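Trainee: I am new to this structure and would like to learn how to read it. Could you take me through it step by step?

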Amino acid sequence: EWAIQAGLLCEADVVAMSGNHRRAFSLAKKATTGSLTQLRHVAYAGQFARWVALTAIREEAAAGARDRLRSMFPTTEHLDRKDEAEVLAAIATLETKLGNRSVNEWREVRRRLSELPPTVAMVMRRLGTHPEADGLALR
């Protein structure tokens, strides 16, 4: 099942970056619900968290998604830097959508992003889970 989930998450990213948001959300929903509700491989934690957040925002279910991600990732220390930044950004995105001040959360995201290649931040910005997002979370 991890390979199916990974394929769906990767395809959702590519499709979203190419502008087909409806298809991206459809793929992401398949990758994060039903038998794939739980993360199947830690290497995809960031993508999984991002799509849980973005689909929840689209479906006006941000509070449940925030609680889900906080439960799944009580700490991010076991993740690589990229996934750590993405998980924290997904949670911060949900907090922001819920109207909560998430200054500290975004500060942590920025700190982790500063340790990564700029392309990581660019992708997060385009997909909507970045402090200066112009992507899907706003649609």
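Mentor: Let us begin with the secondary structure: the chain holds seven helices and zero strands, where helices (H or I, at least four residues) and strands (E, at least two) are DSSP runs numbered from the N terminus. This is a predicted model, in which local features need pLDDT of at least 70 and side-chain atom pairs count only at pLDDT 80 or more, while totals for chains, interfaces and linings use all residues. Residues are numbered from 1 along each chain as its sequence is written, and side-chain values use heavy atoms, with hydrogens and water left out.

Trainee: Which residues are buried in helix H7?

Mentor: Buried means under 20% relative accessible area, exposed over 50%, and partly exposed in between (1.4 Å probe, protein chains only). In H7, which runs over residues 118-127, the buried ones are Val120, Ala121, Met124 and Leu127. Seen down the helix axis, the buried residues of H7 fall within an arc of 135°, so they line one face; the arc is that of the directions from the helix axis to the C-beta atoms. Pro118 and Thr119, on the other side of H7, are exposed.

Trainee: What covers the buried residues of H7?

Mentor: Contact means heavy atoms within 4.5 Å, and the cover includes helices H1 (2-17), H3 (45-58), H5 (81-97) and H6 (103-113). Just after H7, glycine 128 takes a positive phi of about 105°.
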